[in-house]
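Reader: I have a model open and would like to go through it with you. Can we take it piece by piece?

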Amino acid sequence: MPSPKKVVIIGLDGANKTTARLVGIDTELHDFISTIPPYTPPSWTSILTGVNPAKHGIIGWQKVDLERNKVSLFTSLDVKYPRLSEILDIANLKSVLINLPMTYPFNGIRKRENTIIISDWAAPKQAIFPQKLEEKYREYLIDPPHEWAKYGKKEYPRRVKEYTETRMNLYYDLLERDDWNLYFIVFSETDWFSHIFPEILEGENTHIVTPTFKLIREFIETAKSMADFLFIVSDHGFEVKNKVFYVNEVLAENGFIRYNKTKARIVNIIKNNVPKEILNKVLTKAGKSASVVSYIAQKADAFMVEPANWGIYVRDKSQTPKVKNALKKYDEIFDVIEFKLLHKGPYLKRMPDLIVIPKKGVEFSHELKGKITEKTCKGDHEIHGVFSVYGEQVKEHIEFEKLPRVYDIVPTVLHIFGLPILGDIDGKVLGEIFEETSEFAKKKPKYVDLSYYGIKQEKINQKHFKKLIKII
Ligand SMILES: [Zn+2]
């Protein structure tokens, strides 16, 4: 029988050590290594599954189908590895998942009888599973303040605070029901503010964000008093970027994209007229990118679709080394790596062929601008997120042998619950966090060999879940 512990995971999207301190995290903060690329959709999915993007299948918001020149959006249905909450659900443990990317639509979560889910900010609509709770909490389920450009920089922080304050009622109510074993909530406010007010990353103008961050801190304090273990994690870090590097333009310069400058300008004009709401940005980005992409792709051997996932798709795979060498020549590029050398898994086919790693301070764009670089000043993602853990059985001062990674949360939480860990997971139990005299430090992690049960890491379906039920 699994022990009925209580674990809280607080996600602070895009928090680095500076923003985590601004929120008011006052205990030891450790680096937390993100996925490569350090990007919201693959990284939260790795935190929730314990495996790399080639195993869970998510690499960004946009799914590229090279054969059909089609770009669509990734959803919960594309997550191909069991989530932590699904494994707990099999063991009859209860989870609450709030604001986690790739959890909508709810039928993409295959096991959810013991799970409450609130959709994330990028979902096409705000919703709660099960439906009867949506009726109860409808008044708190307000939409995220996506239209920041419309509000202006003065009004935007007030809108975010209002959003956070209203939804807090719902977060507290679910927390205080106290019938959960896992309560996992993501606050995206840290990421939104870091994009729009990069100066907070350097400790300036922090008064803009403190009213919202105070609400989050108070919530964390309440959650702390209810949990045996409380983890604080971010999906990636943040840094100030001072240069834009136009990747598709560079590919064109090297002969991999042939385009007509006038037509490309027309595509860009359409794109720039799209309202800048974040939600619609995600959605229209797919649509507009699709037009840029299909325009480019018809005449391209290699191209970028979604700059933040650092990926290049190569049509004729024999050209991959040539594309790699061409990109490596540029000063703005730290390295170019074949995706299949970075991550192993059955979903490589959905992934880009190359990952381009920018140098510090460089941000990518996929637009065709007629130039290769441009100055900028914005906040954008980098690889060092934050990790912290509280609990009676947690050491006050933790020394990690190896820096914790996004893949380590699932095995560590399963170990706390005394549940077996799937054998092909990419993370490990963070044994260093436990007080030496605690039961968790003494007991050995339990791994299950999937092949023994005849499970291959392939499309996870109902049949696999039945087998998992037997294991657990
Ligand atoms: Zn993020």
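Reader: In what sense do strand E1 and E8 pair, and over how many bridges?
Author: Strand E1 (residues 7-12) pairs with E8 in the parallel sense, over six bridges. Two strands pair if DSSP finds at least two bridges between them. Helices (H or I, at least four residues) and strands (E, at least two) are DSSP runs, numbered from the N terminus.

Reader: What stands opposite Gly11 there?
Author: Val186 in E8 stands opposite Gly11.

Reader: Before going on, what kind of model is this, and how are residues numbered?
Author: This is a predicted model, in which local features need pLDDT of at least 70 and side-chain atom pairs count only at pLDDT 80 or more, while totals for chains, interfaces and linings use all residues. Residues are numbered from 1 along each chain as its sequence is written.

Reader: What pLDDT does the chain average?
Author: The average is 88, and 86% of the residues score at least 70. pLDDT is the predictor's confidence in each residue, from 0 to 100.

Reader: Where does pLDDT stay under 50?
Author: Over residues 269-289. For that stretch the model has 25 contacts beyond four places in sequence. Two residues are in contact if their C-beta atoms, placed from the backbone, lie within 7 Å.

Reader: How many helices and strands does the chain have?
Author: There are 16 helices and 19 strands in the chain. Among contacts between residues at least 6 apart in sequence, 72% join residues at least 24 apart.

Reader: Back to the sheet. What is the strand order?
Author: The order is E2-E17-E9-E1-E8-E5-E6-E7, an open sheet of eight strands with mixed pairing. Strand E2 (30-33) and strand E7 (128-129) are the edge strands, each pairing on one side only.

Reader: Which strands form the antiparallel open sheet of four?
Author: That sheet has the order E11-E12-E14-E13. Its edge strands, each pairing on one side only, are strand E11 (302-303) and strand E13 (333-338). Strand E12 (residues 311-314) and strand E14 (residues 354-358) run antiparallel and are joined by two bridges. Gly311 has Ile355 in E14 as its bridge partner.

Reader: Which helix lies across E11, E12, E13 and E14?
Author: Helix H12 (residues 320-328), which runs at about 170° to E13. Axes are lines fitted to C-alpha atoms, for helices over the stretch in contact, and angles run from 0 to 180 degrees between N-to-C directions.

Reader: New topic: why is helix H2 said to be largely enclosed?
Author: Because 10 of the 10 residues of helix H2 (residues 40-49) are buried, the rest of the structure largely encloses it. A residue is buried if 20 or more other C-beta atoms lie within 10 Å of its own, exposed if 12 or fewer, and partly exposed in between, with C-beta atoms placed from the backbone. Across the chain, buried residues make up 48% of the 472 residues.

Reader: What covers H2?
Author: The cover includes helix H3 (53-56), helix H4 (84-90), strand E8 (182-187), strand E9 (229-233) and helix H14 (409-416). After H2 comes Gly50, with a positive phi near 85°.

Reader: And how many residues of H14 are buried?
Author: Eight of its eight residues are buried, so H14 is mostly covered. Among them are Ile409, Pro411 and His415. Just after H14, Gly418 takes a positive phi of about 70°.

Reader: What do the side chains do along strand E3?
Author: They alternate along strand E3 (residues 62-65).

Reader: What does E3 pair with?
Author: E3 pairs with strand E4 (residues 70-73) in the antiparallel sense, over four bridges. Leu73 in E4 is the bridge partner of Gln62. The two strands form a hairpin with four residues between them, and Asn69 in the turn has a positive phi of about 50°.

Reader: Is Ser194 buried or exposed?
Author: Ser194 is buried, with 27 other C-beta atoms within 10 Å. Its place is in helix H7 (residues 189-196). Not counting residues up to four places away in sequence, Ser194 touches Gly14, Thr19, Ile200, Leu201, Phe238 and Gly379. The C-alpha atoms of Ser194 and Phe238 are separated by 7.3 Å, with the two residues 44 apart along the chain.

Reader: Last one: where is Leu348?
Author: Leu348 is in the loop between helix H13 (339-342) and E14. Leu348 is partly exposed, with 16 other C-beta atoms within 10 Å. Leaving aside neighbours within four places in sequence, Leu348 is in contact with Ala54, Phe339 and Lys340.
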